[in-house]
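Thanks for coming, everyone. Let me put the structure up on the screen, and then we can walk through a few parts of it together.

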Amino acid sequence: MIVILILIFVLPLLWILLGNIMEKHYSDFPDTTCGYHIGRLAQKNMDTWQTANEYAGKAFKTIGIMTLIVNLMVILIFFGMSGMLNMKLKTMLIFLSAYFYFMLIVILLFVPIFTTQKMLKKTFNSDGSRK
């Protein structure tokens with residue numbers, strides 16, 4: 001149970017850290033060793049590289065903060081109800097919650113990627129020039 005509680009807080013904090021790195025500490029173009037590498041459009045030129053990293057960084061930080069807030073609320077509700085539940089039911093609820101939580105995490109991991117790709121396609125032409 002302690003491992004699950006630690007992971008519930010570590011993953012959103014890692015997303016926030018990743019978002020901060022992507023938004024502010026990405027590599028200078030054309031040295032694209034650190035930053036948003038998904039899709040060819042993000043690496044076309046310096047403008048697309050900077051825009052993709054700043055947008056993806058903000059998206060990852062937003063998802064991390066929202067996940068952290070929801071996790072805190074769920075834990076407060078769960079521990080508030082824990083006095084009313086027997087041990088077998090508590091254990092089952094913990095494992096079910098962990099399963100659904102990690103499935104949600106996998107889905108949420110792709111949200112910043114899809115939104116960044118959509119923004120890049122809306123903002124830039126396929127050759128990297130602004131629309």
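An α-helix has 3.6 residues a turn, so residues three or four places apart point the same way. This is a predicted model, in which local features need pLDDT of at least 70 and side-chain atom pairs count only at pLDDT 80 or more, while totals for chains, interfaces and linings use all residues. Residues are numbered from 1 along each chain as its sequence is written, and side-chain values use heavy atoms, with hydrogens and water left out.

Helices here are DSSP runs of H or I, at least four residues, numbered from the N terminus.

In the segment after α3 we find Phe124, which counts as buried because its relative accessibility is 1%. Leaving aside neighbours within four places in sequence, Phe124 is in contact (heavy atoms within 4.5 Å) with several residues, including Leu41, Asp47, Thr48 and Thr51. The C-alpha atoms of Phe124 and Asn45 are separated by 11 Å, although these residues are 79 residues apart along the chain.

Note on methods
Helices (H or I, at least four residues) and strands (E, at least two) are DSSP runs, numbered from the N terminus. Buried means under 20% relative accessible area, exposed over 50%, partly exposed in between (1.4 Å probe, protein chains only).
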